[in-house]
Amino acid sequence: MTLITSPSNSRISKLQTLHTSRGRKKSGLFLMEGPHLLEALLNAQLWPTEIYYEPALLQRTSEGAALLERLLLLITIHPATQLIEVSERVIEALGEAQTSQGVVSVLTLETLACAQIQARRPQVQRPCLLILDDLADPGNMGTILRTALAADVERVVLTAHCVDHYSPKVVRAAAGAHVALPVEAHVTWDEIAEHITAHCAGQPRVFLAEAGSDQMYFAQDLTQPFALIVGNEAHGPSAQAHALATLSVSIPLANDVESLNVAMATGIILYETVRQNAHVH
C-alpha cells in the first residue's frame, strides 16, 4: 500500500480538480467523501478505483474502525481497488467537509450511470418520473435525490442546466442516494418528452409544481404513471416545462407565504404519492 504525506503531491493535486465540474468531466472521475458513503458502495458491490484513508481518523469511531478492518480485507476481495494511506493534512485537502471523517473514495462516473443502477433495481411499478428543470442549488439537488430514493421514484431526469449532481456538495447532501437511485443528466426536452410517453404508456400525465395553481397536488391520482416537473429556485419552470405540462399543481399555503423551498415542496408531493400508493397496495 502507498503512503502519501504531502498535500502538494501531484496525485493529490490531480484529485483536487475533481472538486470542479470541469475536472470531473475531463477525467471521468468523481469523489465520495466519508465512511457512510463508502459503506453504501461496498454493500452494493460498487468498487471505487481508489480509496484514500487516514487510519487514526477512522479509528475515532467504532463504525470507522470496523470500516478500516473491512478495507484491509478489500485487497483480497477486490484487488483492482487501490488503497492509499494518507496523512491527516492530505485527507483534509482531498475532502470538502469542515471536519474530515478519514476516507475519500474515487469512482468513475460510469460506475453510477443511470442504466447500471436501473439494472440493479427490483423491477416494480413506480408511478413517478421526476424531472428537475435547471435546478441550481447543490443542497436542494442532494436533498431531492435523497427524498426521491426514499419515495421510490422511477428515476430522476436532469435538464442540461441543472447543477452537476456529482459535485461534492450534492453527493454529501444526497447521503448515499447516488448508489441506488437512477439519475439521468443533460437530457434534452425532446428526450424528456420521449421518456414521459414511454413511462406513461402513451398517455402523458405531466404535473408541473407551481405556486398559485388552483389545482391541489393531493387531489390528483398519483397511483397511475405520471411525470412531476420541478422548476428552478429563482425563475420557476421553464417555457419548455410549461409546454409539456398537462396540469399545474400547487401546495396550499397560508398566511401570505408565497412559496416553499423547492426541496421541501418536492418532498411533500412525492410523499403524497407514497401515501396514495400505500392504500392501493
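How far apart do the C-alpha centres of domain 1 and domain 2 lie, and what is found between the two domains?

Analyst: The model is predicted. In the domain assignment of the protein chain, domain 1 covers 10-112 and domain 2 covers 114-278. Their C-alpha centres lie 30 Å apart. Where they meet, 20 residues of domain 1 are in contact with 15 residues of domain 2. Together the two domains bury about 1,500 Å² between them, and 60% of that area is on carbon and sulfur atoms. On the domain 1 side, 35% of the area buried against domain 2 comes from Arg-24, Glu-96 and Leu-112, more than from any other three residues.

Arg-24 also takes part in a salt bridge: its partner is Asp-164, with the closest N and O atoms 2.8 Å apart. Polar contacts between domain 1 and domain 2 come to 5 residue pairs, with both residues at pLDDT 80 or more.

As for secondary structure, the side of domain 1 that touches domain 2 draws at least two residues from each of helix H2 (21-27), strand E2 (29-33) and helix H3 (35-43).

Note on methods. Residues are numbered from 1 along each chain as its sequence is written. This is a predicted model: local features need pLDDT of at least 70, side-chain atom pairs count only at pLDDT 80 or more; totals for chains, interfaces and linings use all residues. Side-chain values use heavy atoms; hydrogens and water are left out. Domain bounds come from an automatic or database domain assignment. Contact means heavy atoms within 4.5 Å. Buried area is the accessible area (1.4 Å probe) that two parts lose on being put together, summed over both. A salt bridge is a side-chain nitrogen of Lys or Arg within 4 Å of a carboxyl oxygen of Asp or Glu. A polar contact is a pair of N or O atoms within 3.5 Å; within protein, one must be able to donate a hydrogen and the other to accept it, and residues adjacent in sequence count only if both atoms are side-chain atoms. Helices (H or I, at least four residues) and strands (E, at least two) are DSSP runs, numbered from the N terminus.
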